[in-house]
Amino acid sequence: MGWYDTFRTTKINYFLINIAYALAPLIYLYVKSITQSNFRFKRKYWWFFAPACLFVLYRFGIYTYDALQPGFNENQNGILKIKLDEAYVQNISAFVETPFMLLFLAFTFQLFHNYRKKIKQYFSNIYKLELNWILTFLILFSILFLYGTVQDIIASFYTELNYQQRWWLNLLSAIVTLFVGIKGYFTDTSKLNRLDFTFSPKTIGIPEDASDFEGNQKLISEGDISTVKNLMEVEKVYLNPELNLSDLAKMANMSRGQLSEIVNTAFNKNFNDFVNTYRVEAFKDMLKKEKHKQLSLLGIAQECGFNSKATFNRVFKKLTNHSPTEYLKTQLN
């Protein structure tokens, strides 16, 4: 861009700070804020930004020292910038940055994976809550990070890369950032505010309060199983596309932890598969009654409690090993 030619004594090099040390924890906390209900920034999270803060203070420190040295205004870089920062610190920082970013990316992928497991224990229709755009962003960002790392290795050990050659990484990074910002702004996550994600991944249920933990320890009675079966088979509560664990627990007069324990133990399914099994069976029954002559397959699926074509197709394939269209053909033959 001609900056250094126009401003030959510029001090901008002191303030060109790599944001990776701040970006890595920011991405982690952003995903955490989306996937955790009633997220609050805690004091301990400030420690995530300790490397970034220390690096900024260090740069201001060497700038202050160099600015006090004679002839500073006539040169682009001072003695500490040349003898310390460019000679040692930048090289060390480049080696530390990569594992730092990889560590936080690993934590973020794990956080998102656990979130996807948990919503299956709570909601019967999860398509809109799977937040696939976050997974897309994480994958794209990881690819860009690896691309940037390879670019740095080439520049350090093989050949110097000019601004134009490095520019594409900046452009692609900006596009990915805009993508996640726009998607995040327009995504409705209000349903997640009813979730309590305080349970550990090993706990099947979603505890409502301390008493839920006690409820989970109780032996499952035949009466409790019968109550749940009655709600599903007689009252057909699965026809409600918004049915979730909390709603069904209230109908059964149980805590969420008790109900989840029954679903997982007595029926050997997570909540999502448990409810959708009834919906798939209802869909099959409607095909036997030749409802497909009056409604489309999607229309029948919606009558059975599904709220999206993507969810219906995926669930049906998972539970029957056939697509809805393939299954209909087998019934007609």
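Predicted model: local features only at pLDDT ≥ 70, side-chain atom pairs only at ≥ 80, totals over all residues.

Modeller: Residues are numbered from 1 along each chain as its sequence is written, and side-chain values use heavy atoms, with hydrogens and water left out.

Biologist: Why are H2 and H4 called roughly parallel to each other?

Modeller: The axes of helix H2 (residues 20-35) and H4 come within 9 Å and cross at roughly 5°. Axes are lines fitted to C-alpha atoms, for helices over the stretch in contact, and angles run from 0 to 180 degrees between N-to-C directions. Angles under 35 degrees count as roughly parallel, over 145 as roughly antiparallel, 65 to 115 as roughly perpendicular and the rest as oblique, and H2 and H4 are therefore roughly parallel.

Biologist: What makes H8 and H10 roughly perpendicular to each other?

Modeller: The axes of helix H8 (residues 222-233) and helix H10 (residues 256-266) cross at roughly 90° and come within 11 Å, so H8 and H10 are roughly perpendicular. On the H8 side, the contact (heavy atoms within 4.5 Å) is made by Asp224, Ile225 and Val228, and on the H10 side by Leu259, Ile262 and Ala266.

Biologist: How do you know that Lys81 forms a salt bridge with Asp85?

Modeller: A salt bridge is a side-chain nitrogen of Lys or Arg within 4 Å of a carboxyl oxygen of Asp or Glu, and the closest N and O atoms of Lys81 and Asp85 are 2.9 Å apart. Because they are four residues apart in helix H4 (residues 79-119), Lys81 and Asp85 are separated by about one helical turn. The count by this rule comes to seven salt bridges.

Methods: Helix = DSSP H or I, 4+ residues; strand = E, 2+ residues; numbered from the N terminus.
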